[in-house]
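Please keep the sequence and the structure in view while reading.

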Amino acid sequence: MTTLVGTWSLIRLILRRDRFRLTVWILVLGLVPVMTASAFIGLYPTEASRQALAATVVDSPAFNALLGPLYDISIGGLTAWRIGTLGSVFVALMAVLTMIRHTRDDEEAGRRELLGSTVVGHHAPLAAAIIVVVAIGLLVGLIITAGMVGLGEALTGSLAFGLGYALVAFAFAGVGAVSAQLTESASTGRGIAVGTVGFAFLLRMAGDAGADSGLSWLTWVSPFGWFSKLRPFGGEEWWVLSLWLLFGLVTIGAAFAISARRDVGAGAFPPRPGPAEAGATLGNPFGLAWRLQRGAFIGWALGIGAIGVVYGAAGDSIGDLLESNPQFAEIFEQLGGEQGITDTFFSAAVGIIAIIVSAYAIRSVLRLRVEEEGQRAEHVLATATPRLRWAWSHLVFGVAGPVLILALAGILVGVSYGLVIGDVWGPVPRIVGAAMTQLPAVWVLTGIAMALYGLAPGFVAVSWGFLVAFLLLGQLGQILQFPQWTLDLSPFSHIPMVPAEELEAMPLVILVLIAGGLIGAGLVGFRRRDVDF
């Protein structure tokens, strides 16, 4: 037990350091499902209205890919369908990011070595981080359970919903713990953990969308698929909770085993030694930036491309809704019938992809801060490299990177949809155009990240808060009946729903100008402030 000495002191330290950050996570993750349920009470007050909604989505692979299957038409069942799986992804992100922050980040910064010189056991930092993440998951689950019961929903369904979120946090605490042991770099460890979250969500999408084509088994491979299999409010399958529990125990056990066999500051896999002499491309800041950013760019491109394939393959099922549901067909008659509803689906799909691409854009820009905090920027700037040239060497990945990734995603969505309908290249130009239309909104997030880095580098993490806020406004703003002015705060709300709507250039121009202004402000601020502020 001496390896765990000091665990409780480290828990208090984590809570002290992250009191604001963790409070935001708890409130957002816990209250959004309750607020969604409250909004559904007003939107669908009768069983007939809920039946009409269910008839449009229950057998659609497209809606299953987006949100998962709908098992029950009660208010609780609709809430679990609309926000359950999506919210569990954010619970997982909270878990892995918190784990990396208080394990590998501390080791890379040297704080872990300082703590190790005191009366702190070897495994205490890892145990403290796991306990904090599990406690956050339990608090989120408690808020959801109490909130849903307070709205009059069944206790069993509410408890299943809350326990599902709590055990997602437990399971992905293990993922974050293992990722932190594998590499010396916090950035790489974070990338492995977040990539695992994305891959698990992709498996869930493919499994739910491909239920009729023999791919439903993929849902059982993904911890996010287990949430729908738990069936909150739809005849709960309580044994599914054991899957998360077992997964978490195995991954956490593996993390402790790896931690016991490595030195502080080292990873399970030592970094590969580089060549004795640098290549020609490393003689300039753009070549160095490409060397640092290429792994993330390729990984994000492949992951988002895979999501595009799933969306494209599911697009053909949208037309089946018109045949199976006359009321739904009448609603979408004004959108152009089958073509109209398909275009609407693809507009929504590329909008979700654009949100994900925005995360890549923010991450690319914030690489500047990582290099600065690691005191590597100082070495580069000590040469004849101008400040702005060095800043642009990474900023270009936040500007040009989304162009390439969105173009790739649009092509793969169009090709996979074309293969299903027998016209491989026919839909590609239309869907690629829709993807490119999202660029100005993505660039606004790039601008926000750059502005914070240049003007207030200590608050660069707020960039992720903007992304989460825009995501919630887009996905839940109308459901929660937010005022229109709050919905308009998101740049994505001003993007035309191409190809379902006509392209309007003016909103795009305004967004580009806003993005340019934010980037310019950030560059000016960085040029004037001290490095390592």
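Is Ser88 buried or exposed? Ser88 is buried, with a relative accessible area of 0%, where buried means under 20% relative accessible area, exposed over 50% and partly exposed in between, computed with a 1.4 Å probe on protein chains only. The model is predicted, so that local features need pLDDT of at least 70 and side-chain atom pairs count only at pLDDT 80 or more, while totals for chains, interfaces and linings use all residues. Residues are numbered from 1 along each chain as its sequence is written, and side-chain values use heavy atoms, with hydrogens and water left out.

**Surroundings of Ser88**

- Ser88 lies in helix α5, which spans residues 75-101; helices (H or I, at least four residues) and strands (E, at least two) are DSSP runs, numbered from the N terminus.
- Not counting residues up to four places away in sequence, Ser88 touches Tyr165, Val168 and Phe224, contact meaning heavy atoms within 4.5 Å.

**Packing of α8 with α9**

- Two packed helices are described by the angle between their axes and the distance between the axes.
- Helix α8 (residues 124-150) packs with helix α9 (residues 155-182) at an angle of about 160°, and their axes are 8 Å apart; axes are lines fitted to C-alpha atoms, for helices over the stretch in contact, and angles run from 0 to 180 degrees between N-to-C directions.
- The two helices α8 and α9 are therefore roughly antiparallel to each other, given that angles under 35 degrees count as roughly parallel, over 145 as roughly antiparallel, 65 to 115 as roughly perpendicular and the rest as oblique.
- The crossing of α8 and α9 is right-handed; a crossing is right-handed if the near helix is turned clockwise from the far one by less than a right angle, and left-handed if anticlockwise.
- Residues of α8 that meet α9 include Leu126, Ile130, Gly137, Gly141 and Val149, and those on the α9 side include Leu155, Leu159, Tyr165, Ala173 and Gln181.
- By class, the contact of α8 with α9 has 18 nonpolar, six polar and no charged residues; Ala, Val, Leu, Ile, Met, Phe, Trp, Tyr, Cys and Pro count as nonpolar, Asp, Glu, Lys and Arg as charged, and the others, Gly among them, as polar.

**Leu159 in α9**

- Leu159, which is placed in helix α9, is partly exposed at a relative accessible area of 36%.
- Leu159 and Glu236 are 77 residues apart in sequence, and their C-alpha atoms are 9.9 Å apart in space.

- Arg231 is in the loop between α12 (225-230) and α13 (241-259), and its phi is near 55°, a positive value in a residue other than glycine.
- Arg231 is partly exposed, with a relative accessible area of 27%.
- Phe233 is likewise placed in the loop between α12 and α13, and its phi is near 65°, also a positive value in a residue other than glycine.
- Phe233 is buried, with a relative accessible area of 9%.

- Helix α19 (residues 387-421) and α21 pack at an angle of about 160°, with 10 Å between their axes.
- That angle makes α19 roughly antiparallel to α21.
- The crossing of α19 and α21 is right-handed.
- The contact involves, among others, Trp390, Val399 and Leu406 of α19 and Leu439, Trp443 and Tyr453 of α21.
- Sorted by class, the contact of α19 with α21 has 11 nonpolar, two polar and no charged residues.
- Helix α21 (residues 439-455) and helix α22 (residues 462-476) pack at an angle of about 155°, and their axes are 9 Å apart.
- Helices α21 and α22 are therefore roughly antiparallel to each other, and their crossing is right-handed.
- Leu445, Ile448, Ala449 and Leu452 of α21 make the contact with Val462, Ser463, Phe466, Leu467 and Phe470 of α22.
- The contact of α21 with α22 has eight nonpolar, one polar and no charged residues.
- The buried residues of α22 include Ser463, Leu467 and Phe470.

**Gln438**

- Gln438 is found in the loop between α20 (428-437) and α21 and counts as buried at 6% relative accessibility.
- Leaving aside neighbours within four places in sequence, Gln438 is in contact with Ser347, Val350, Gly351, Ala354, Leu406, Phe492 and Ile495.
- The C-alpha atoms of Gln438 and Phe492 are separated by 7.4 Å, the two residues being 54 residues apart along the chain.
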